[in-house]
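Dear colleague,

I am handing over the structure below, and after it you will find what turned up when it was examined. Please read the notes with the model open beside them.

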Amino acid sequence: MLIDIHPKLPMRNKTATRDYYILQLGFQEVGQTDYEGYLMIQKDRIQIHFFEFKDLNPYENDGQVYIRTQGIADFYQSLLDKHVKIHPNGPLETKPWGQREFSLLDPDHNLLTFGEAIFSN
């Protein structure tokens, strides 16, 4: 039985990654130990892990995570209020596949797509 998933994404700089996710997106650091070259963060029920990859070329990084949400419009507005940069091709919009989505690129160009199912009557 599968019960959870924690994606692992590359990061070049632990401090920059920590600051972006905590200060900009509202995550919290998790774990009892601060491991060199490794970071674990969480927001609500979502946890993401990062491993150090100092030579990563962010423009060649294909790291991606799709995060299902509730209250996406409020979350999106909270990010706009903090002046978080939204992906140029990823503003909040309703997609033909029945999701309301938006996307961000983190400091290492990992693509974060947030989506909420739209139910029609």
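**The largest pocket and its surroundings**

Strand β5 gives the largest share of the lining of the largest pocket, namely four residues, where helices (H or I, at least four residues) and strands (E, at least two) are DSSP runs numbered from the N terminus. This is a predicted model, in which local features need pLDDT of at least 70 and side-chain atom pairs count only at pLDDT 80 or more, while totals for chains, interfaces and linings use all residues. Residues are numbered from 1 along each chain as its sequence is written, and side-chain values use heavy atoms, with hydrogens and water left out.

The volume of the largest pocket is about 580 Å³, a volume being the space filled by probe spheres set on grid points that are joined across faces, edges and corners. On a 1 Å grid over the protein atoms alone, a pocket is an open set of points where a 1.4 Å probe fits, with protein on both sides within 12 Å along at least five of seven lines, and lining residues have an atom within 4 Å of a point. Of the 17 lining residues, Arg45, Ile46, Ile67, Arg68 and Thr69 are the closest to the centre of the pocket, and the elements that give two or more residues to the lining are β4 and β5 (64–68).

Strand β5 pairs with β8 (residues 111–117) in the parallel sense over five bridges, pairing being counted if DSSP finds at least two bridges between two strands. Ile67 stands opposite Phe114 in β8. Strand β7 (residues 99–105) runs antiparallel to β8 and is joined to it by seven bridges, with Arg100 having Glu116 as its bridge partner. The hairpin formed by β7 and β8 has five residues between the strands, and His109 in the turn has a positive phi of about 65 degrees.

Strand β4 also belongs to an open sheet of four strands, with mixed pairing and the order β1-β4-β3-β2; its edge strands, each pairing on one side only, are β1 (8–11) and β2 (28–29).

As for salt bridges (a side-chain nitrogen of Lys or Arg within 4 Å of a carboxyl oxygen of Asp or Glu), the count comes to six. In one of them, the side chains of Arg18 and Glu29 meet at 2.8 Å, N to O; Arg18 lies in helix α1 and Glu29 in strand β2, so this pair ties together parts that are eleven residues apart in sequence.

With kind regards
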